[in-house]
Amino acid sequence: MVSAEFEEKANTVSNLAKRPSDDELLKLYGLYKQATVGDNTTDKPGTFDFKGKYKWQSWKDLEGTPQEEAEKKYIEYAVELINKYNN
């Protein structure tokens, strides 16, 4: 179960005035999945699913990170993006 602050930041970051870079979005995605689901135990997407593979790898790279720590890192990173893209 994630915190209210996490949910609030996730909502805010999904409605930014400007779109973050693909790398920033991938980092955010990986942290989100690790915080909400835990370790990635899903099968790697197929060869031609490039977007899916990048997202899968971003999450897989965080394997072993406790969900609470991923949530904290997500909130910190979301604040950084909100300050960068909502001004």
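Helices (H or I, at least four residues) and strands (E, at least two) are DSSP runs, numbered from the N terminus.

This is a predicted model, in which local features need pLDDT of at least 70 and side-chain atom pairs count only at pLDDT 80 or more, while totals for chains, interfaces and linings use all residues. Residues are numbered from 1 along each chain as its sequence is written, and side-chain values use heavy atoms, with hydrogens and water left out.

**Annotated span**

- The UniProt record, an unreviewed entry, places the feature "domain: ACB" at residues 2-87. UniProt positions are given in the numbering used here, feature names are shortened, and annotations may be inferred rather than shown by experiment.
- Residues 2-87 are 64% helix and 0% strand, and the end C-alpha atoms of this span lie 27 Å apart.

- In α2, the buried residues (under 20% relative accessible area, with exposed meaning over 50% and partly exposed in between; 1.4 Å probe, protein chains only) are Glu-24, Leu-28, Gly-30, Leu-31, Gln-34 and Ala-35.
- Seen down the axis of α2, these buried residues fall within an arc of 160 degrees, so they line one face of the helix. The arc is that of the directions from the helix axis to the C-beta atoms.
- The buried residues of α2 pack against α1 (4-13), α3 (50-60) and α4.
- Gly-38 follows α2 and has a positive phi, near 105 degrees.
- In α1, Phe-6, Lys-9, Ala-10 and Val-13 are buried. Viewed along the axis of α1, its buried residues fall within an arc of 100 degrees, so they line one face of the helix.
- The cover over the buried residues of α1 includes α2 and α4.

**Glu-24 in α2**

- Glu-24 lies in helix α2 and is buried, with a relative accessible area of 11%.
- Leaving out residues up to four places away in sequence, Glu-24 is in contact (heavy atoms within 4.5 Å) with Tyr-77, Leu-81, Lys-84 and Tyr-85.
- The side chains of Glu-24 and Tyr-85 are joined by a polar contact of 2.5 Å. A polar contact is a pair of N or O atoms within 3.5 Å; within protein, one must be able to donate a hydrogen and the other to accept it, and residues adjacent in sequence count only if both atoms are side-chain atoms.
- The side chain of Glu-24 also reaches the backbone nitrogen of Ser-21, at 2.8 Å.

**Salt bridges**

- Side chains of opposite charge can pair when their charged atoms come close. A salt bridge is a side-chain nitrogen of Lys or Arg within 4 Å of a carboxyl oxygen of Asp or Glu, and by this rule the count comes to six.
- Glu-24 forms one of them with Lys-84, with the closest N and O atoms 2.8 Å apart. Glu-24 lies in helix α2 (residues 22-36) and Lys-84 in helix α4 (residues 67-85), so the pair ties together parts that are 60 residues apart in sequence.
- Lys-84 is partly exposed, at 49% relative accessible area, whereas Glu-24 counts as buried.
- Glu-76 and Lys-72 meet in a salt bridge of 3.6 Å, N to O. The two residues are four residues apart in helix α4 and are therefore separated by about one helical turn.
- Glu-76 counts as partly exposed at 46% relative accessibility, and Lys-72 as exposed at 53%.
- Glu-63 and Lys-60 form a salt bridge whose closest N and O atoms are 3.2 Å apart. Glu-63 is partly exposed at 44%, and Lys-60 is partly exposed at 24%.

**Two further lysines**

- Lys-9 is placed in helix α1 and is buried, with a relative accessible area of 15%.
- Lys-9 touches Ile-75, Ala-78, Val-79 and Ile-82, not counting residues up to four places away in sequence. A polar contact of 3.1 Å links the side chains of Lys-9 and Glu-8.
- Lys-18 lies in the loop between α1 and α2. Apart from its neighbours within four places in sequence, Lys-18 is in contact with Tyr-85 and Asn-87.
- Lys-18 and Phe-48 are 30 residues apart in sequence and 29 Å apart in space, C-alpha to C-alpha.
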